[in-house]
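Open the model in your viewer and keep the selection panel at hand.

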Amino acid sequence: LDLSLGDISFYVDNGQLAISYSKKAADSDQVVSEKLIDQSYDNCYRITSSGNNVENYHLSVDTPASKELKLVFNNLTITPAKAIAPIQINGASQVITYLEGENKISINKSGESSSSPAGISVAKDAKLTIDKEPERQGSIEVLNKTNVSKNGAAIGGNGGEDAGTIHIKGGTVIATSASNGAAIGASARKSVKEIRISGGMITAE
C-alpha cells in the first residue's frame, strides 16, 4: 500500500475490515482508487511511500477495540503540507506497527486555532504498539517542529487532545517536540493514558 499515491484508510464495513487506498492502473500511470473488503486481521499490511516524500495524504485507522491491526512501516517519508496528523490511530483502534528500514515524519504546519497536529496521533481510547520486524533493523524519527500554544506531541495527542496508550517494544524510535507538546505522550496541557517501554532504543526530547 503506497501512501504517496493517495490516502489509506482501515475501517469497518458491514462488520468486516476494509481498506481504501490508491494504486497505479496496470496499463498506465493513472492513479485509481481501490477498496478491499472482508480483509483479515491476521494479515500484516505494509505501508510504503516508494521513495517519495508524502505531503498531501494520510493514513487513518478506525477499527474496533476487540481487534488488533498489524502494519509495517517501510521507509516512509512524510512532511505534511497541511496541519493534519499524517498517521491517525482513531477511536478505540488497537494497532501494532513494525518498523522496517528508515521512517521519518516531520510536522511543520500548525492550524489557525493555535494548535498543531501530532506526527502520529493516538486517540484517548486507542493504543499504538511500536516494534521492529524480527531479525531486521527498523527505525522511525518523528519531529514536531511547530511552536503554538496547543502544540501536538510528536507521537501521541493532537493539539488540545488527550492521548491513549503508547507501547514501545522494539526498534529505534526518535521523537522530538520543539515546543510544549510531549515527544511521546500528551499534547500541551493534556494527559496521556499510558506510556510503556519494554524494548528498543528510544530518544525523546
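What follows is a walk through a predicted model, residue by residue.

**Stop 1**

In soluble globular proteins, nonpolar side chains tend to be buried together.

Stay here and center on Leu-59. Show its neighbors, leaving out residues up to four places away in sequence. Leu-59 touches Leu-3, Ile-8, Phe-10, Ile-47, Leu-71, Phe-73, Pro-86, Ile-87 and Gln-88.

**Stop 1: Asp-131**

Select strand E12, residues 127-132, and pick out Asp-131. Which side chain of opposite charge is nearest to Asp-131? It is Lys-169, 4.3 Å away. A salt bridge needs a side-chain nitrogen within 4 Å of a carboxyl oxygen, so Asp-131 has none, although Asp-131 is buried.

Next, show the backbone of Gly-170. The Asp-131 side chain reaches the backbone nitrogen of Gly-170 at 3.5 Å. Then display the rest of the surroundings. Beyond four places in sequence, Asp-131 touches Thr-97, Tyr-98 and Leu-99, along with Lys-169 and Gly-170.

**Stop 2: Lys-145**

Move to the loop between strand E13 (138-144) and strand E14 (155-156), where Lys-145 sits. Is Lys-145 buried, exposed or partly exposed? Its relative accessibility is 49%, so Lys-145 counts as partly exposed. The cut-off for exposed is over 50%.

Contacts of Lys-145 beyond four places in sequence are Ile-107, Asn-108 and Ala-178.

**Stop 4**

Select Asp-38 in strand E3, residues 31-39. Its phi is near 55°, a positive value in a residue other than glycine. Asp-38 is exposed, with a relative accessible area of 54%.

Finish on Arg-189. Look in the loop between strand E17 (184-185) and strand E18 (192-197). What is phi of Arg-189 near? The value is near 60°, again positive in a residue other than glycine. Arg-189 counts as exposed because its relative accessibility is 65%.

Terms used
Residues numbered from 1 in each chain as written. Predicted model: local features only at pLDDT ≥ 70, side-chain atom pairs only at ≥ 80, totals over all residues. Heavy atoms only, no water. Helix = DSSP H or I, 4+ residues; strand = E, 2+ residues; numbered from the N terminus. Buried < 20%, exposed > 50% of the residue type's maximum accessible area, 1.4 Å probe, protein only. Contact = heavy atoms within 4.5 Å. Lys, Arg positive; Asp, Glu negative; His and termini not counted. Polar contact = N/O pair within 3.5 Å; in protein donor to acceptor, adjacent residues only side chain to side chain.
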